[in-house]
Amino acid sequence: MQREVGTLPLAPALRARLAAAGFQTAQELLDTGPCGLSKEIGISREEALEALQVVRQECHGDAARTARGSGATRKCTALELLEEEQTQGFIITFCSALDNILGGGVQLTKITEICGAPGVGKTQLCMQLAVDVQIPECFGGVAGEAVFIDTEGSFMVDRVVDIAAACVQHCHLIAEAQQEEDHQKALETFSLENILSHIYYFRCRDYVELLAQVYLLPEFLSEHSKVRLVVIDGIAFPFRHDFEDLSLRTRLLNGLAQQLIIIANDHKSAVVLTNQMTTRIGQNQSTLVPALGESWGHAATVRLIFHWDNSQRLATLYKSPSQKESTIAYHITPHGFRDVQPPAGTHSSEGTEMNPRKRPRTEEEKQ
Amino acid sequence: MDWDQFDLNPKTIAALKKADIKSVKEILNLSGADLQRLMKLSSADIQCLLKTVSRTLQRSSMLTALQLYQDKDHLTSQHQKLSLGCSVLDNLLKGGIPLVGITELAGESSAGKTQISLQLCLCVQYPYKYGGLESGAVYICTEDAFPSKRLQQLIDQQHKLRADVPAEVIQKIRFGNSIFVERAADLDTFQQCITRRLSLLLARGMVRLVVIDSLAALFRCEFGPSESALKARYLQTFGAQLHSLSTRFRTPIMCVNQVQLYSRSQNVSYFLYRAVGNRVTPALGITWSNQLLMRLMVSRVSLPGHSSGVASHCAASMRTLSVVFAPHLPPSFCYYTVQLEGVKGVK
């Protein structure tokens, strides 16, 4: 209530007039009322009404924010952040090698970018993640929902059905092996129809529609608070033609990246983007690099590059703040994204791999 | 742009008119801070404006994957595909060619690409019940003449190829009338063809299939190695235009592509393609591959490691159709032959 007039989100011209008229705090504005305000600073009654509405909303927002203890200027120690990050869930990919190099899976509140040539498996991984985010907590998942923004039209629902059916089957096997009550209960709601009904699909045909969709995303996520994954497949496609002015493209991409970071943080979701590869012609040879330019490389926190080696698909962790750069092999099977060999051991060890929190300490040390 | 019809504050509308902003695209091209300065409004007003215009751009409301899966309406369903006219080939593709997106058919010369394309032009004219789209096709030739004699042969033999369709249905279809042949020997003509002719035919509902034979021919002579950036721009523009037409009119676009030899020393290719034994890759490089939904490859030589027993008994005419990549299909292949009545898969 004691907020200064200068900090309120009003039009600059209006703020200048208020300052000239001698108003200093928000409370003074509210006390004056719309009629008095319009007379004092010479604006119409509608404008005064609007201005007061904004002030009221701001003050209300401030009060709520201080009560919650979070907001734009939140202070906490690095230890608190570390603890928060360690309890943060991961979305597993069903390929344990990939989960290992990522440090547990695709991390919530971070942007992960997947780059690769066409046909290497980027959309497959996205579809796998849209199913895996929904795995119940007792099986080691985050029990969330998924938003899938498709710009290329490569989301084939039949494939998602195959992946989801295989995931449900896998959970059933674990429940049978471990025979715990909460497993059975969770399986009642973890069915194919349920999984499909919690994947929210948006189709964007050009970059303007994509920008519009991202502007509307925070509202959607507030209404659907269980969403823990936002996939944009692919981010390069709408931005790689139609731009005479590359600096406009860079500016739009930067703005988009900022909005996505805010969304990831505020709604505790993972954001996964897929990018194309392009050829960079060097002095004597050409190399494949991720598209959209150098500055886009800073947008994602984690960057994975998928590529081929003869007939084997490989994934390289190219950029990560906490994990080291490494390459692993993976397979795309009719059931989805998997390891090259099935993990060695009996059913029970498979079960413990599904739930990383239950993994014994010794296994962790081995890595 | 008539801002009055938007659900906005009159103050915002006045500011929009005063700042001479003409389209929603212009608004979204500016950042929040730029808009504040330009229109002299508060950030809350700008947020409201952005949300309102964004909402108008949302063409379709949100769908869940379950709704997509359960949608059986042939006008919107993802399950609807364009059949190839042969059950073996359709099984390989799990129904046929997807309706939205660019599908590429690559292969060496005389492997059967034109045969398959012609067959598709006939298949699209059948009713929905028989895997068609009840509409015509556009065939864009860029180098060779259109094989009209062969087309006539195929038309005459349709009853033999499509034994699953009753004879009176086949007789009613005037196959020759609904195939529009366009010639485009250079890039500008091709550009004109896509932007004018194609949009017209598609908008009138007269065609539901576009075949381009072949795209590589347009680029072969005109671009030297130093002009690769320009070539990439053309490819991206064409790809985007075709993609947009395909999405708007739910029309499959089939691009025939040629192949070229590649040498192991090019490490770029190493990253791109699985070594499938033959030393060929589709032409036009990764720029074009990025525009595709699905890539199919045809060849006369059978792939190594597969049973030679099947191929050897009619080795001369046996060909393979393989799926190189597709979001909904595993890499797989099947054999087929080209006969008088058309392309038929071999089990």
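**Note on the predicted two-chain model**

1. Strand S3 (residues 111-116) and strand S7 (residues 270-275), both of chain A, pair in the parallel sense over five bridges. Two strands count as paired if DSSP finds at least two bridges between them. Helices (H or I, at least four residues) and strands (E, at least two) are DSSP runs, numbered from the N terminus. Within this pair, A:Glu113 has A:Leu273 in S7(A) as its bridge partner.

2. Basis of the note. This is a predicted model, in which local features need pLDDT of at least 70 and side-chain atom pairs count only at pLDDT 80 or more, while totals for chains, interfaces and linings use all residues. Residues are numbered from 1 along each chain as its sequence is written, chains are lettered from A and ligands numbered from 1 in the order in which they are written, and side-chain values use heavy atoms, with hydrogens and water left out.

3. The sheet crosses between chains. S3(A) and S7(A) belong to an open sheet of 10 strands, in the order S13(A)-S12(A)-S11(A)-S10(A)-S3(A)-S7(A)-S6(A)-S4(A)-S5(A)-S1(B). The pairing is mixed. Strand S13 (336-339) of chain A and S1 of chain B stand at the edges; each has a single partner strand, so one side of each is left without a neighbour in the sheet.

4. Strand S5 (residues 199-203) of chain A pairs with strand S1 (residues 63-64) of chain B in the antiparallel sense, over two bridges. A:Tyr200 has B:Thr64 as its bridge partner in S1(B).

5. A:Ser269 lies in the loop between helix H11 (246-266) and S7 of chain A. A:Ser269 is buried, with a relative accessible area of 0%. The classes are buried, under 20% relative accessible area; exposed, over 50%; and partly exposed, in between (1.4 Å probe, protein chains only). Leaving aside neighbours within four places in sequence, A:Ser269 is in contact (heavy atoms within 4.5 Å) with residues including A:Leu108, A:Lys110, A:Arg228 and A:Ala264.

6. Chain A overall. The chain has 13 helices and 13 strands. Buried residues make up 51% of its 367 residues. Among contacts in chain A between residues at least 6 apart in sequence, 64% join residues at least 24 apart.

7. Strand S4 of chain B. Seven of the seven residues of S4(B) (residues 101-107) are buried, so the strand is largely enclosed by the rest of the structure. B:Gly101, B:Thr103, B:Leu105 and B:Gly107 point one way, and B:Ile102, B:Glu104 and B:Ala106 the other way. S4(B) runs parallel to strand S8 (residues 252-257) of chain B, joined by six bridges, with B:Thr103 opposite B:Met254. Five bridges join S4(B) to strand S11 (residues 294-299) of chain B, again parallel.

8. B:Glu104 has B:Arg295 as its bridge partner in S11(B). Their side chains also meet in a salt bridge (2.6 Å, N to O). A salt bridge is a side-chain nitrogen of Lys or Arg within 4 Å of a carboxyl oxygen of Asp or Glu. The pair links distant parts of the chain, 191 residues apart. Both residues are buried.

9. The interface. Chain A gives 60 residues to the contact and chain B gives 57 residues. The buried area is about 5,400 Å², of which carbon and sulfur atoms give 60%. That area is the accessible area (1.4 Å probe) that two parts lose on being put together, summed over both.

10. Charged links across the interface. Two salt bridges are counted between chain A and chain B. One joins B:Lys11 to A:Glu50 (3.1 Å, N to O). The other pairs A:Glu219 with B:Arg55 (3.1 Å, N to O). A:Glu219 lies in helix H10 of chain A and B:Arg55 in helix H4 (residues 43-57) of chain B, so the pair joins two chains. A:Glu219 is partly exposed, at 30% relative accessibility; B:Arg55 is also partly exposed, at 41%.

11. A pair within chain B. B:Asp4 forms a salt bridge with B:Lys17, the closest N and O atoms being 3.1 Å apart. B:Asp4 lies in the segment before helix H1 (10-18) of chain B and B:Lys17 in that helix, so the pair ties together parts that are 13 residues apart in sequence. The whole structure has 13 salt bridges over all chains.
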